[in-house]
Amino acid sequence: MQVYEQPIAIAGHAAVRTPWGKVVRAWARRQAAAEIFGMPGYRLSLHGPDIEGFIAAPHEIRPPNPHLGKAMMSGRYSLGGARMSVQGTGDPWNRPSPTRAFAIELHGFCWLRHLFTQGEEGIKEGLRLFLLWDKTFRKWTPFAWDQGVLSRRLISLSVFARRLSAYASEAEVYTLAQSMAEQARHLWRLPRNLAWYTQKATALVLVGCVLSGRAGDSLRRKGLQILPKALKRTILPDGSHVSRSVQAGLELLYDLLLIEDGLNQRGLALPDYLETAIERLSRFVRTLSHPDGSLCAFQGSESLLAEQVAPALLHEEKRPLAPSSLPVSLEHGRYQRLTGRSLSVYVDTGEPRFGAMGYAACDHPMNFEVSGGRDKLFVTPGWAPGQSDHHEFRIINAANTLTLGDLPILSPITGRFGELLHFGLEGMRYRIRSRRIESEDAGSLIEMEHEGWRPVFGIKHERRLYVDPQRDELRGEEKLIPVEPKKELPEQAPYALRFVLHPEVQASLARDKRSVLLRGPGGRGWWLRHDAREVSIEESSVFERGQPRKSTTLLLRGTVRLATPLRIRWKLSPAEA
């Protein structure tokens, strides 16, 4: 039984030196788990008190996609940016998934909300697919019972179990409830993994809210026992998600709203820490949302549209957040926000995470996104774990920043060892230093620098971003400064300064073949002027709804002599001016 076909390598950048120590430890942990959980009698140890039924149904407010649900009714699955057809057999479980991302989505059962848009027939199909899954994966397997996949599956089943049971026989209801309880008991036994700690707590609380009787009460108590610890480790004081992924913060907000609804349906008091966590996450999501309501695609996030974000913020009617109360700086999350009359600039001033929370990390140093009014102009191409296998979007060449020699600094570990190490980043670790200078009359300035290029090129990259509120301009300055090299270096290297455009932005070169006119979907024009040696417009892609979407990238190119400082200036200003 094969779950997915594993990719071997990423095309387009240099290979990463394998951290053998980490690989051996991860392999040893997996083998130990296989020895224990793979024992013939292990499933018997997961039995507990009798299940009396389902007593609650937390309301899922994540928006469904009826088109995906309709396709699934015909045996056509589109998950994680990949497709698979099971027309004829109707069984997606006894065949290899096309990608790991597809397999994560499939075994996480997040597609149930899409399938339920098809009414009674969709619910019956969801029940059929679960029973097939239970028949195939009732016994422990490394992938299907992995902590991250297992947690997400339990959260999804908790939301829809009561509706599934309405179309099930008595024996099928028992199978569904017993399976959920056994999976939850196994989840409780798994060692703490910071990457999935909050999902684990959420799943236990929700299953405990949904199942009636002693079994549900026991699981709910266990979930509530670890939930405050998990939230404290996951949500930073300013509301940022500890992984620095904006999408991870949004998904956690959706999960906490499910817990709130589940506890309300059971008539249980809401813990104060839950209210605080929801408020902080809402502030984080709102701060990094563009004027059109879409979300910044920083550090393991896709370009989520307003309709995918807005439902999570509807609760603000009870806890309103005034625009003036939103912070311009997230100190702990390392994000900054600059505003002009119509310009909104969002800047990532932090490093990618490593270790357990580096599963979504992207090496995009000093990256930024820009909106002019409600038109998004410069965006991050986006990448989200579990939704895209395109790891090339995680390296520096994909970001709105400067590269030397078209080489990466950090690279994701993929292939045979990537899964063992949660696809973390490896390479030369570096620090980003930044400071903000604010003035009501003169505007806002952010100064940043990093030395990620020092080992290869002996260069430090400094970036200054300044928003002039009077002229409604964004001015940028890039400096490449020689620092003391530790070894002999080449005399010069090519550089490329990238600006990734939103797919709906049109770009055209001016007659001088240097300035670029940008025009957003709202029709307003913006000039990008610069003093680089040359500019080009090239095809690229960004991710939306798990799929790559064609876009364009502006590249300012030139050559830097590594022994001499270089300065590149650029400016984004309204065409009307």
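How close do the axes of helix H7 and helix H9 come, and at what angle do they cross? In this predicted model, the axes of helix H7, residues 170-189, and helix H9, residues 213-234, come within 11 Å and cross at roughly 30 degrees. Angles under 35 degrees count as roughly parallel, and H7 is therefore roughly parallel to H9. The crossing of H7 past H9 is left-handed.

Let me turn to the residues involved. From H7, the contact is made by Ala 181, Ala 184, Arg 185 and Trp 188. From H9, their counterparts are Ala 215, Leu 219, Lys 222, Gln 225 and Ile 226. By class, the contact of H7 with H9 comprises six nonpolar, one polar and two charged residues.

I move now to another pair of helices. Helix H8, residues 197-210, and helix H10, residues 246-265, have axes that come within 10 Å and cross at roughly 25 degrees. H8 is thus roughly parallel to H10. Here, too, H8 passes H10 in a left-handed crossing. On the H8 side, the contact involves Thr 198, Thr 202, Val 205, Leu 206 and Cys 209. On the H10 side, Leu 252, Asp 255, Leu 258, Ile 259, Gly 262 and Leu 263 take part. This contact of H8 with H10 contains seven nonpolar, three polar and one charged residues.

Next, the sheet. Which order do the strands follow? Five strands form an open sheet in the order E3-E4-E5-E6-E7, with antiparallel pairing. Strand E3, residues 329-330, and strand E7, residues 375-378, stand at the edges. Each of these two has a single partner strand, so one side of each is left without a neighbour in the sheet. As a general point, strands of a sheet pair through backbone hydrogen bonds, either parallel or antiparallel. Within this sheet, strand E5, residues 343-348, pairs with strand E6, residues 368-372, in the antiparallel sense over five bridges.

Finally, I would draw attention to one residue in a loop. Pro 327 lies in the loop between helix H12, residues 306-309, and E3. What does Pro 327 contact, leaving aside its neighbours within four places in sequence? The residues in contact with Pro 327 are then Arg 283, Thr 287 and Arg 337. Pro 327 and Asp 238 are 89 residues apart in sequence, while their C-alpha atoms are 9.0 Å apart in space.

Technical notes. Residues numbered from 1 in each chain as written. Predicted model: local features only at pLDDT ≥ 70, side-chain atom pairs only at ≥ 80, totals over all residues. Heavy atoms only, no water. Axes fitted to C-alpha atoms, helices over the stretch in contact; angles between N-to-C directions. Helix = DSSP H or I, 4+ residues; strand = E, 2+ residues; numbered from the N terminus. Parallel < 35°, antiparallel > 145°, perpendicular 65-115°, else oblique. Left-handed = near helix turned anticlockwise from the far one by under 90°. Contact = heavy atoms within 4.5 Å. Nonpolar A, V, L, I, M, F, W, Y, C, P; charged D, E, K, R; others polar. Pairing = 2+ DSSP bridges.
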